[in-house]
Amino acid sequence: MIYFDNSATTKPYKEVVETYIKTASEYFGNPSSLHPLGKASERLLNQARELGATYLNVLPKEVYFTSGGTEGNNIAIKGTARLHKSRGRHLITTNIEHPSSLEAFQQLESEGFEVTYLEVDENGVITTNQVAAAIKSNTILVSIIHVNNEVGSILPINGIGQLLTNYPKILFHVDHVQGFGKVPLRFYEDKVDLCTISAHKFHGLKGNGILYIRDGVRVEPLMSGGKQERGNRPGTENVPGVVAMIKALRLSLQASKKNVESMEKMNRWIEKECFDLDGVVINSPTMRAPHILNMSVIGVKPEVVVQALAEKDIYVSTKSACSSKQSEPSKVLEAMGFDNDRSSTSIRLSFTYENTMEEAMLFVQAFSSTVETLKKVVEKK
Amino acid sequence: MKYNHILIRYAELALKGKNRKEFEKKLQDNLKFALYSFPESKVQRTFGRMFIELNGEEENRVSERLKDVFGIHSFSPSLKIDLNQDDINEAALWAVRDALPNESGTFKVTAKRPNKAYPIRSQQLNYDIGSHILRNTSGLTVDVHNPDVEVKVEVRQEAAYIMCKTIKGAGGLPIRTAGKVLLMLSGGIDSPVAGYFALKRGVELEAIHFHSPPFTNERAKQKVIDLSRVLTKFGGSMKLHIIPFTDAQQAIHQKVPDKYEMTIMRRFMLRIAEAAAKKNGAIGIVNGESLGQVASQTLDSMYTINEVTNMPIIRPLVTMDKLDVIKVAKDIGTYDLSILPYEDCCTIFLPPQTKTKPNREKANLYEKELNIELYVQDAIERMETIKITPNSEVDKEFEDLF
């Protein structure tokens, strides 16, 4: 099996699953219970938080456990906008956000907020100047995706963060779900106030994530309930998922140190090989994350390519998994200025640390023959 | 450009005569320890001043950490620049911009030239550097009397140093220069603050906590461990002694009239603390008592309770108002932990009324019923000692999970 759909989800590490099973069966007490079983769970949860904070280079009290990327983005965006609406009702984001951000912004628009969607250029990025130009006196939040999930473009978080230091009343949220472990982000140095990451994108399990909220920044919780996660995310804590996530965090950061370079090499090599294929065009910009490569097979429906490759036990995806079931052109590619032929035929490859050059070669072989066959069928008429 | 050094100024050390060298050395060790999580940084001591070489570590974060180190009066991030006038000008310009990012305000340049081989005299340096800054900024003006920013330039043998900011340090004396004391740590708001103030005067700190299971639960003990960990931020690794106190407490509850229960219990605690201190080489006891705050802390109470020991008892909070103590607790990061609602051993068995004016005669009379020696000895024998380090470590039982 060749699994090149790691931006949709990654395969959990074996050790991570083992940790989950052990924690779920041995530390099942509710962390809020007063007895020793509850105490043990609470202690385990606290230590997980401390370790997670160490790995992310932040404070334990800045780590909030969530159910994943969608929830993190929603709390960060709606939670800050609603809390600070008396300060202003203008929000800034981009037109290539993940649906969990985009839809949240659209919901806020219906609540009376004004949203500026900065338009990316042909490389899928915005500039710091665009943000500067969009800022108004009533702007309260800038929310930017760090690494775009479809094409892998990297947005200038550091520049925007530095810019926003001149505007202490504007909060800065970064959707780091795709970037974590692949493109480094330094929360303090890049002046990030809130940051979302998700466990299943770095070999943890589904249903876990971290929302970093800088000390001193407040949000309005989306749900009502108990005082868990300092009231920002009520609900009995998912201790086994959290502990497993922290393990995945450590393992993937280690793997990242070792393998990001070879991943990038592989990515470049596949790009070069596919570029030479007839009928294939590369959509990803040259400056991109090491784990994503987006291309189009002009004239062939991407679902067909995905199916054809799957028959050969190779797994890739059409645009992002969260919107792949709608057969519309990719909004991200449209935003980058590609015509309908290209934006409705895109295929995304996404890698992880364990992928090898051997797999890359097998993929190119299979892909070129698939493209050749499909092109023949399509062009016959 | 980026700050590459931090200059440290000592607090009070000038007063210490012959001991100065030792104090400096201690401070240097303490700094090394405090900056453990900034592996690239180096602490240097030359010609009566102390520098931290940042070697790429983030100045802001190192500065944040330095604010918790006792014995520092103030410190300044500085630029170490080769002896070349153009470079010095540029560096001074950068430092002013860093200190006044909006380029509005006033500044002055103060140059010193201990390195007399350097061709430009200090007055001329002031003028040259000031002109360079004025030429390259728009909203800045010179004010030599009350400037917003003073650009200090020191031309020394090895290099020039440029500083714009002075950040206030924690003051006090370097820890572990004043001998060892034992802190009675209950888990409330006061005792951690008392520990903090004791550390500020340079002591080496250990803590003792009285634990009465099942009347006080594991979380109360955990809370004290967590509080101790906060104190390690200021005092480095420390020992926490947990005293099993249930038996003594129950005996007191049975044998002593209600009104004297608190008084006798405190006398027991003090005796045990003294014994634990002696066993661990500590020669003083620190507690969080504040005069008149509660029944056990009236002057009469202190007089009666204090009878059982000769050891110096340091009460840093004795004249402080509760609100001031709370403020410090919030500043040093113990408040949020202290207010967690777990019972400590002082609040269980709390009699309906406590004598606010106990006297020594009665206390001694009631204690005749109790075998004091036995309880003290037993408590010390069963004392559990936990080593608390600044880096929270994962519990043994959880190790394989992470």
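This passage describes the two chains of a predicted model, the contact between them and selected local features.

Residues are numbered from 1 along each chain as its sequence is written, and chains are lettered from A and ligands numbered from 1 in the order in which they are written. Because the model is predicted, local features need pLDDT of at least 70 and side-chain atom pairs count only at pLDDT 80 or more, while totals for chains, interfaces and linings use all residues.

Chain A contains 11 helices and 12 strands. Helices (H or I, at least four residues) and strands (E, at least two) are DSSP runs, numbered from the N terminus. The radius of gyration of chain A is 21 Å, close to the 21 Å given by the globule rule for 381 residues, so chain A is as compact as a globular protein of that length. This radius is taken over C-alpha atoms, and the globule rule is 2.2 Å times the number of residues to the power 0.38. Along the principal axes, the C-alpha atoms of chain A fill a box of roughly 70 × 50 × 35 Å. Of the 381 residues in chain A, 49% are buried. A residue is buried if 20 or more other C-beta atoms lie within 10 Å of its own, exposed if 12 or fewer, and partly exposed in between, with C-beta atoms placed from the backbone. Among contacts in chain A between residues at least 6 apart in sequence, 73% join residues at least 24 apart; two residues are in contact if their C-beta atoms, placed from the backbone, lie within 7 Å.

Chain B contains 13 helices and 15 strands. Its C-alpha atoms fill a box of roughly 85 × 50 × 40 Å along the principal axes, and 40% of its 402 residues are buried. For contacts in chain B with a separation of 6 or more, residues 24 or more positions apart account for 80%.

The contact between the chains involves 17 residues from chain A and 12 residues from chain B. On the side of chain A that touches chain B, α1 (14–26), α2 (36–56) and α7 (239–275) of chain A each supply at least two residues. The largest share of that side, 7 residues, comes from α2(A). By class, the side of chain A that touches chain B has 7 nonpolar, 3 polar and 7 charged residues. Here Ala, Val, Leu, Ile, Met, Phe, Trp, Tyr, Cys and Pro count as nonpolar, Asp, Glu, Lys and Arg as charged, and the others, Gly among them, as polar.

In chain A, 3 strands form an open antiparallel sheet in the order β9-β10-β12. Strands β9 (280–282) and β12 (346–350) of chain A are the edge strands, each pairing on one side only. The twist averages 30° from one strand to the next, where axes are lines fitted to C-alpha atoms, for helices over the stretch in contact, and angles run from 0 to 180 degrees between N-to-C directions. Two strands pair if DSSP finds at least two bridges between them. The antiparallel pairing of β9(A) with β10 (residues 292–297) of chain A extends over 3 bridges, and A:Val280 has A:Val297 in β10(A) as its bridge partner.

Strand β3 (residues 90–94) of chain A has 4 of its 5 residues buried, so it is largely enclosed by the rest of the structure. Its pairing with β4 (residues 114–118) of chain A is parallel, over 5 bridges. The bridge partner of A:Thr94 in β4(A) is A:Leu118.

Helix α8 (residues 258–279) of chain B has 22 residues, which at 1.5 Å a residue should span 32 Å; the end C-alpha atoms are 32 Å apart, in agreement. The expected span is 1.5 Å times one less than the number of residues. Just after α8(B), B:Gly281 takes a positive phi of about 75°.

B:Leu125 lies in helix α4 (residues 122–136) of chain B and is buried, with 23 other C-beta atoms within 10 Å. Leaving aside residues up to four places away in sequence, B:Leu125 touches B:Ala111, B:Arg113, B:Ile120 and B:Val153.

Most residues other than glycine have a negative phi, and most peptide bonds are trans. A:Lys191, which is not a glycine, has a positive phi of about 60°. A:Lys191 lies in the loop between β6 (171–175) and β7 (194–198) of chain A and is partly exposed, with 17 C-beta neighbours inside 10 Å. B:Asn55, also not a glycine, has a positive phi of about 50°. B:Asn55 is in the loop between β3 (49–53) and α2 (59–66) of chain B and is exposed, with 12 other C-beta atoms within 10 Å. A cis peptide bond, with omega about 0°, joins B:Pro213 and B:Pro214; B:Pro214 is found in the loop between β11 (204–211) and α6 (218–235) of chain B.
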